[in-house]
Amino acid sequence: MILEKTGLCSQITFGRYVRQGRKLGLDPKLLIQDLQFNEVPVRVYQPKAASDGPRRGILFFHGGGWVFGSLDTYEKVCRYLSRESDSVVVSVQYRLAPEHKYPAAYEDCLNATQHFLQHLELYGVDPARVIVCGDSAGGNLAAAVSQTLAGSSEQPKLRAQILIYPGLQALDFNLPSYQQNQGVPLLFRERAAFFALLYLKGDALHMQEVLEGSHIPPDMRLKYRKWVSPDNIPEEFKVRGVKPLRPTDFIAEVYETVKRFCEPNLCPLLAEDSVVHQLPESFILTCEYDVLRDDGLLYKKRLEDNGVRVTWYHLEDGFHGIISLYDYCGFSFPSGKRGLDSVVNFLKSL
């Protein structure tokens, strides 16, 4: 923000620079190719070792608030998933906000997924074992793509979805996890709203009103309360600094600028039951010290209420972004490694 105010560069440009990742050398166990699927840049990781049959296929959508992130940023994570689970991994470089607003990122992920599903034999992938996976904003995109494909009969059905501390709604930024972890790195409460607004409309105007909840009409808030409510959060997650908040006054002109927040392709937690009950087996990872924790918990409940099998892994000592930091510039975060290994173990069970 200092650099932006002095006119040197925007905070988004600087953020992308520090998050860009570095090029890694060749991996002796993997064949890695940069390709395009339906004009969407992707990086494909294929184990070199011989296989007894077709492998699992994983579509990976990176995190970064729809604003940051690249193929290089998640290179270590994708290599690890491919090596350890013996799977073909396709990392998708979707278009970023604010230059490319919603639904650009969602459309890129959907198009890349559909292309992959139509050409599985080229990569030695089992049509019955294709998984979508993503962390943070990538978890949002994975959930949205999974919902879109749930009722389709034109291509192989997804075997599973893996949602790693996903952001799944923008109606309520005052859920218990938002109150408890509002100042906890790597994702502050204000930044969560900031990123959602940049993705939706390319700017963060009315961020304070969105944080306070003035952007949702009372009747709509009542409609979605059955899915987005502190009442649906288990009591053990409310013991740290949670207080009931007074409803704020609705501001119609703010709603007009953000009403697409109610679209499930942007906020998958709001999908109808008729869609949710068709979803594949799911894995959800949440972190205790994460503003998005309750999004994961609420979606877990929705899936289970609709008869979808859910494997849930909770990092009691984890914070947002921990997976991508499991081995970062010489630093090691054991909880990040545990979380990543829990994903690998789930993959091996499919």
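Predicted model: local features only at pLDDT ≥ 70, side-chain atom pairs only at ≥ 80, totals over all residues.

Colleague: OK, and α3 itself, how many of its residues are buried?

Modeller: Eight of the 11 residues in α3 (residues 75–85) are buried, so the helix is mostly covered, counting buried as under 20% relative accessible area. Among them are Val-77, Cys-78, Tyr-80 and Leu-81, but also Glu-75 and Arg-79.

Colleague: What covers them?

Modeller: The cover includes the strands β1 (30–37), β2 (40–47), β3 (55–61) and β4 (87–92), plus α13 (334–348).

Colleague: How do α3 and α13 sit relative to each other, parallel or oblique?

Modeller: Their axes come within 10 Å and cross at roughly 45 degrees, so α3 and α13 are oblique to each other. The crossing is right-handed. On the α3 side, the contact is made by Val-77, Tyr-80, Leu-81, Glu-84 and Ser-85, while α13 brings residues including Leu-340, Val-344 and Lys-348. Sorted by class, that contact has seven nonpolar, one polar and four charged residues.

Colleague: Switching topic: how many residues are in the largest nonpolar core?

Modeller: It has 84 residues, and Phe-61, Val-92 and Tyr-199 are among those with the most contacts inside it. Helix α7 (residues 189–201) gives the largest share, nine residues.

Colleague: What is Tyr-199 in contact with?

Modeller: Beyond its close sequence neighbours, Tyr-199 touches residues including Trp-66, Tyr-102, Pro-103, Leu-141 and Leu-266. There's also a second, separate core of 31 residues, which includes Leu-285, Phe-319, Ile-322 and Ile-323.

Terms used. Residues numbered from 1 in each chain as written. Heavy atoms only, no water. Buried < 20%, exposed > 50% of the residue type's maximum accessible area, 1.4 Å probe, protein only. Helix = DSSP H or I, 4+ residues; strand = E, 2+ residues; numbered from the N terminus. Contact = heavy atoms within 4.5 Å. Axes fitted to C-alpha atoms, helices over the stretch in contact; angles between N-to-C directions. Parallel < 35°, antiparallel > 145°, perpendicular 65-115°, else oblique. Left-handed = near helix turned anticlockwise from the far one by under 90°. Nonpolar A, V, L, I, M, F, W, Y, C, P; charged D, E, K, R; others polar. Core = buried A, V, L, I, M, F, W, Y, C linked by side-chain atoms within 4.5 Å. Lists of a residue's contacts leave out its neighbours within four places in sequence.
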